[in-house]
Amino acid sequence: MTRTENLPETMTAVAISEPGGPAVLKPERRALPQPGPGEILIRVRAAGVNRPDIAQRSGSYPPPPGASDLPGLEVAGEVAALGEGAARWRVGDQVCALTPGGGYAEYVKVHASHALPVPSGFTFTEAAAVPETYFTVWHNVFERGGLQSGETLLVHGGTSGIGTTAIQLATARGSEVIVTAGSAEKCESCVKLGAVRAVNYREEDFVKVVRDVTDGKGVNVILDMVGGDYVDRNYMAAAEDGRIVQIAVQGGMTATANFARLMAKRLVHTGSTLRPRSDEFKGRIAQALEAEVWPLLASRRVAPVMDMIFPLREAWRAHERLESGEAIGKIVLDVA
């Protein structure tokens, strides 16, 4: 293993002391992770906060086998040590990375292929807001959903980290975006990011709005984090040969849907989770992002929308903020 001099033997991390609310997130001392073959050790400067972290904290989303029990799925910082075969990186390189867990800490080990250079001009806190959402949106909207230039995308949860990313990426790549959000303020934020129409789901029926905006044709791709009774309504809002991609089920894991509509429109309803996928799979997404999206980040045609930044030791406050439903964009922990 290649490493910098004088790495500490222990580090500060925020652990889940027991399943429960935000208060169960507790700082503690942990042994420094040791990178294995094909891995790098990152000195974490900032870590992103995401919905799966909340699910893990509550006890409903355990880490995959072999992953750290600490929450945190994305980080930015400097390479501190190299495992055998991690040939691309050098100690001191500034990187952001997708992790299977462990991001709420001063150091984390990740597969070398899941790290990417910090985009030109980005701060560490901005860079830490990139990996989880951009990996997720790229795979689900453009690979699974097959969104093409000239098509229309419907995004549920437009002001989430996923939503703000999807609006910008789809718009930059030539698609029109319609979103749902829960307040007038959130709808306005989505339009400023490039959405052609934002639907306040508390006051409007997104199916009717989609029909009006698309002249009755419907949308080509739907990115859904809700599930539940949105499933059948998505089928109503979709165009012929439309693709619905399920990435969460915050509104319920079961639904009643009219499958005759699915057949008549030749719809595809698919879904995915990213965290348990193989290292090779995530590495392929990273390669696609570096080729297709990193130039957009460097030019600021797309960028993470930043909500609030909290110190690592106050991760519980970050979780309270995310669960409040008031956040617009990404919440990040300042580890430095």
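1. Ala13 touches Lys26, Pro27, Glu28, Arg30, Leu70, Tyr104 and Ala105, leaving out residues up to four places away in sequence; a contact means heavy atoms within 4.5 Å. Ala13 is found in strand β2, residues 10–16. Helices (H or I, at least four residues) and strands (E, at least two) are DSSP runs, numbered from the N terminus. With a relative accessibility of 0%, Ala13 counts as buried; buried means under 20% relative accessible area, exposed over 50%, and partly exposed in between, for a 1.4 Å probe and protein chains only. Between the C-alpha atoms of Ala13 and Ala255, 242 residues apart along the chain, the separation is 39 Å.

2. On the basis of this note: the model is predicted, so local features need pLDDT of at least 70 and side-chain atom pairs count only at pLDDT 80 or more, while totals for chains, interfaces and linings use all residues. Residues are numbered from 1 along each chain as its sequence is written, and side-chain values use heavy atoms, with hydrogens and water left out.

3. The next point concerns a pair of helices. Two packed helices are described by the angle between their axes and the distance between the axes. Helix α1 (residues 51–58) packs against helix α11 (residues 315–324) at an angle of about 110°, and their axes are 10 Å apart. Axes are lines fitted to C-alpha atoms, for helices over the stretch in contact, and angles run from 0 to 180 degrees between N-to-C directions. The angle makes α1 roughly perpendicular to α11, where angles under 35 degrees count as roughly parallel, over 145 as roughly antiparallel, 65 to 115 as roughly perpendicular and the rest as oblique. From α1, the contact involves Arg51, Asp53, Ile54 and Arg57; from α11, His319, Leu322 and Glu323. These residues divide into two nonpolar, one polar and four charged. Here Ala, Val, Leu, Ile, Met, Phe, Trp, Tyr, Cys and Pro count as nonpolar, Asp, Glu, Lys and Arg as charged, and the others, Gly among them, as polar.

4. His319 deserves a separate entry. It has its place in helix α11 and is buried, at 0% relative accessibility. Apart from neighbours within four places in sequence, His319 is in contact with Pro22, Leu25, Val49, Asp53, Ile54, Arg57 and Tyr104.

5. The largest nonpolar core has 51 residues, and those with the most contacts inside it are Leu153, Leu223 and Leu289. A nonpolar core is a set of buried Ala, Val, Leu, Ile, Met, Phe, Trp, Tyr and Cys residues joined through side-chain atoms within 4.5 Å. Not counting residues up to four places away in sequence, Leu153 touches a set of residues that includes Val141, Leu147, Ala166, Val177 and Leu223. A second, separate core of 29 residues includes Val49, Val110, Ala327 and Val335.

6. Helix α3 (residues 131–144) is largely enclosed by the rest of the structure, because 12 of its 14 residues are buried. Among the buried residues of α3 are Tyr134, Phe135, Trp138 and His139. Gly146 follows α3 and has a positive phi, near 60°.

7. Val179 lies in strand β10, residues 176–181, and is buried, with a relative accessible area of 0%. Its contacts, leaving aside neighbours within four places in sequence, include Leu154, Val155, Ile167, Cys190 and Val199. The C-alpha atoms of Val179 and Val44 are separated by 33 Å, the two residues being 135 apart along the chain.

8. How many disulfides are there? The count comes to zero, a disulfide being a pair of cysteine sulfur atoms within 2.5 Å. For Cys190, the closest cysteine sulfur is that of Cys187, at 6.4 Å, too far for a bond. Cys190 is buried, with a relative accessible area of 0%, and Cys96 also counts as buried, at 2%.

9. Backbone angles call for a remark. Most residues other than glycine have a negative phi. Asp241, in strand β13 (residues 238–246), has a positive phi near 65° and is partly exposed, at 39% relative accessibility. Arg300 has a positive phi of about 65° although it is not a glycine; Arg300 lies in the loop between α10 (294–298) and β15 (306–311) and is partly exposed, at 38%.

10. Asp279 is found in helix α9, residues 279–292, and is partly exposed, with a relative accessible area of 35%. Leaving out residues up to four places away in sequence, Asp279 touches His111, Ser113 and His114.
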